[in-house]
Amino acid sequence: MQELEQAIAEIKAALPGMTLLEHEALCAHCSFKIGGEARAIAVPGEMTSLSKLCAILKQHGLMPLMLGNGTNILFPDEGLDQVLLLSTEKLQRLYMMPGNRIYAEAGVPLTRLAAFAQQNGLKGLEFASGIPGSVGGGLRMNAGAYGGEMKDAVESVVYLYLPEQALYEMPRENCAFGYRGSLFSRYGGFAILSAVFQLQPGDKDEIAANMRALNDKRREKQPLDLPSAGSAFKRPEGHFAAALIDEAGLKGLRVGGAQVSEKHAGFVVNVDHASAKDVVELLKEVRARVYEHSGVVLEPEIVVLPPDYCLRDTSPADTGNCVTINEEMPDT
């Protein structure tokens, strides 16, 4: 804690114009609307400030917790008072490049990126038009929907490797993109700053019509009127998580203020001032009962912070490994 306080004081002195939110409610920075108080959230307006901030933290043996739009995160009820959160929300540069390519910084919302592509007659990002996350978060988890994924459109990713305080540009083939994951999610120390997307020319009206159709489907099937973190579980091989949950009779199952959506069983929603503990207990109950019913172990897609909030596999195949923990948060 002493190192963090010293680092915060140095950041204030070195970067007086940067937004630094102290003792900030985390529930205001995630789509679940859950979470206690953060000691500090830094919101640099450009990459130079972000790099300087990370250098100060490194001098104190600290690493920031990277925060995008907070659309797949569950923050703890007691908050995070031993780590500085670093938000990329102000990194918003977005422009065309030669060869049907788009440059986008990490804080650009995926909805804005998809709309920009459509406006420029480029196809390949229609699937992202209704995903509520940002470019950085979307690349980290290889966000996808309706048959499309970020890996299908990205050409390269620029990131700051925090242990070395060095900038790198990585081509798509080296990013180890997989289902709802990437190199950046499997290992700590990466701060995604920007990306270049390689798209294909298309008819603007057809692209817009496709985006409208996908978003209509989302509104029809997903509980977009309630706070959630999107899909609660990853798709098991050979199955669909929502179908397994529904078949186990768990639609509407509730723990405290958290509920398995009655509209879409793949979502856990905050129906009445849910706590993080409510959500974690509900996710555990769903996993246990789905395993009992079908023998399939569901892996959470929601990132549950910090590590002691992780969900352990309680099936007979339990290896003791935690899932969806934040690998970037250091011991302090």
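User: In this predicted model, over how many bridges do β7 and strand β13 pair?

Analyst: Strand β13 spans residues 190–198 and pairs with β7 in the antiparallel sense. Within this pairing, Arg-101 stands opposite Gln-198 of β13. The number of bridges between β7 and β13 is five.

User: Which residue in β7 stands opposite Met-96?

Analyst: Strand β6, residues 94–97, runs antiparallel to β7, and four bridges join the two. They form a hairpin with three residues between them, and Gly-99 in the turn has a positive phi of about 75°. The residue of β7 opposite Met-96 is Ile-102.

User: Why is strand β7 largely enclosed by the rest of the structure?

Analyst: Strand β7 comprises residues 101–105. A residue counts as buried under 20% relative accessible area. The strand is largely enclosed because the number of its five residues that are buried is four.

User: Which element gives the most residues to the largest nonpolar core?

Analyst: This core has 42 residues, of which Phe-32, Leu-74, Phe-75, Leu-85, Ile-245 and Val-286 touch the most other members. Elements that each supply at least two of its residues include β2 (37–43), β5 (80–87), α7 (241–247) and α8 (276–294). With seven residues, the element that gives the most is α8.

Technical notes
Residues are numbered from 1 along each chain as its sequence is written. This is a predicted model: local features need pLDDT of at least 70, side-chain atom pairs count only at pLDDT 80 or more; totals for chains, interfaces and linings use all residues. Side-chain values use heavy atoms; hydrogens and water are left out. Buried means under 20% relative accessible area, exposed over 50%, partly exposed in between (1.4 Å probe, protein chains only). Two strands pair if DSSP finds at least two bridges between them. A nonpolar core is a set of buried Ala, Val, Leu, Ile, Met, Phe, Trp, Tyr and Cys residues joined through side-chain atoms within 4.5 Å.
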